[in-house]
Amino acid sequence: MHDSETRLLGRSLDLQDLVDELAETLGRSVVINDNAYRPVVSSVQGDEIDDLRARALLRRGTPAREREYLESLHLPLARRPQTVDLRQFNAHERLAVPIRSDDELLGFLWLITGGLPPLREEHFRAIDAAVDVVRDSLSARAHNHALSARETVMRSLLASDPVVRRDALSVAVRAHGVTRGEETVVQAVAIGHDTGVVQRASLGRALESVARATLTFIGEVGAALIFLGRADSVEQVSTMVAAEAERAGVLLRAIGSASLSETDHDLRPVVDRALATAAVAEMLPQLGTSLRAEEIGPWLLIADVVTDPNRLQWYSPAAYALIHDSDQLRRHTVEALLDNAHQVRKVCDVLHIHRTTLYYRLENMPDVVRDALDDGMKRSALHLGLKLAAYWENAGHIR
């Protein structure tokens, strides 16, 4: 699996990136030690670094006298963050955050607190998320164990090798409760492109904990978190995702969902549909923040057209004429007419006009538009062309 394309939160993340971002979030340097007090990774050091930290990093271990002192405080038994007074060693006060897997101590996350502003609630949320990420890494390092069979399969659903992806989906269906059919959906949660490691971890942790029965995280594609879920819980999950994203301080751009079919043997095309659906939701917010691919097929077709907007005149001269018409009432009238299948009463209700006014407007349309309305194929191209123009306008390609 390409890390640049798909990454699993909490497992393949670069710990150096994590501690550097956490240090920036907390406004102080961060060091992670293993359970033998040996540094595993440290952030870029700030102004608060003292002699004890410098010696520990240079020697790749905590000096014996200081280690004996920490042992005397029963620090290895700690289950909650502990404040450690190190003044006798001419060092700043520390906060030691234990990193545990069940009853096993894997290491500590160390922060200097002495002489610095107190940590706030949002800081502790970031620390909790970081500890969850580091826990998996240290546990794998300590035991050199593989992921569980289910986790391995779920990770492989987004592998770069299509053969691996197909095999993984087959096993997921056969052994891990995934149904190959429309009741199973892929949900792409598009988040801010600048969302950092800790924020992504915080959001992923929250979502997995509150929706474990209905949502399975399978990886990342670009700036989107990819989940497997159930069709009957899409709306519930979307509401929950929005709430958790806000709580985690993560920008939620859009959510796109796409269903599996009985003939799908590779999850990646379904993921791509979900991503395209999220892109449409972001581009056209009037459609809603969370959309299903099966409900916006025409918009997906339009979004898939990558070309010069000026070529619209090739597809539909009538649509081109309307979008560049100085009288935009003409465009709105024709679009309402096509959207409502020429049902005059509905069109008049939408436009808030009388039937006579509608007939007058249609009679005074440009010839190219009147010609298109009288021809089946041209009428279809006109309708699609107006929708394509709306998409391009929202994308800033037509002004």
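Before you click on anything, one definition: a residue is called buried under 20% relative accessible area, exposed over 50%, and partly exposed in between, using a 1.4 Å probe and protein chains only. What you have open is a predicted model, where local features need pLDDT of at least 70 and side-chain atom pairs count only at pLDDT 80 or more, while totals for chains, interfaces and linings use all residues. Residues are numbered from 1 along each chain as its sequence is written, and side-chain values use heavy atoms, with hydrogens and water left out.

**Stop 1: helix 8**

Select residues 234-248, which make up helix 8. Helices here are DSSP runs of H or I with at least four residues, strands are runs of E with at least two, and both are numbered from the N terminus. Now pick E244, which is buried because its relative accessible area is 12%. Which residue does E244 form a salt bridge with? Show R247: the closest N and O atoms of the pair are 2.7 Å apart. (A salt bridge needs a side-chain nitrogen of Lys or Arg within 4 Å of a carboxyl oxygen of Asp or Glu.) E244 and R247 sit 3 residues apart in helix 8, about one turn of the helix.

Stay in this helix and click S238. S238 is buried too, because its relative accessible area is 9%. Beyond its neighbours within four places in sequence, S238 is in contact (heavy atoms within 4.5 Å) with Q187, I255 and S290.

**Stop 2**

By the salt-bridge rule, the count comes to 18. Side chains of opposite charge can pair when their charged atoms come close.

Go to helix 3, residues 64-72, and show E71 and R67. Their side chains meet in a salt bridge, 4.0 Å from N to O. Because they are 4 residues apart in the helix, about one helical turn separates E71 and R67. E71 is partly exposed at 35% relative accessibility, and R67 is partly exposed at 33%.

Next, select D339 and K387, whose side chains form a salt bridge of 3.2 Å, N to O. D339 belongs to helix 13 (residues 328-339) and K387 to helix 17, so this pair ties together parts that are 48 residues apart in sequence.

**Stop 3: the nonpolar cores**

In soluble globular proteins, nonpolar side chains tend to be buried together. A nonpolar core is a set of buried Ala, Val, Leu, Ile, Met, Phe, Trp, Tyr and Cys residues joined through side-chain atoms within 4.5 Å. The largest one here has 60 residues, and those with the most contacts inside it are V186, I226, L267, V334 and L382. Which helix gives the most to this core? Colour residues 376-394: that is helix 17, with 7 residues in the core.

Zoom in on L382 and look past residues up to four places away in sequence; among those it touches are S316, L322, V334 and L373. Apart from this core lies another, of 27 residues, including L18, V19, A23 and V134.

**Last stop: a loop**

Finish at E183, in the loop between helix 6 (162-175) and strand 6 (184-191). E183 is partly exposed, at 43% relative accessibility. Not counting residues up to four places away in sequence, E183 touches G229, R230 and A231. Try the distance tool on E183 and A231: their C-alpha atoms are separated by 4.9 Å, although they are 48 residues apart along the chain.
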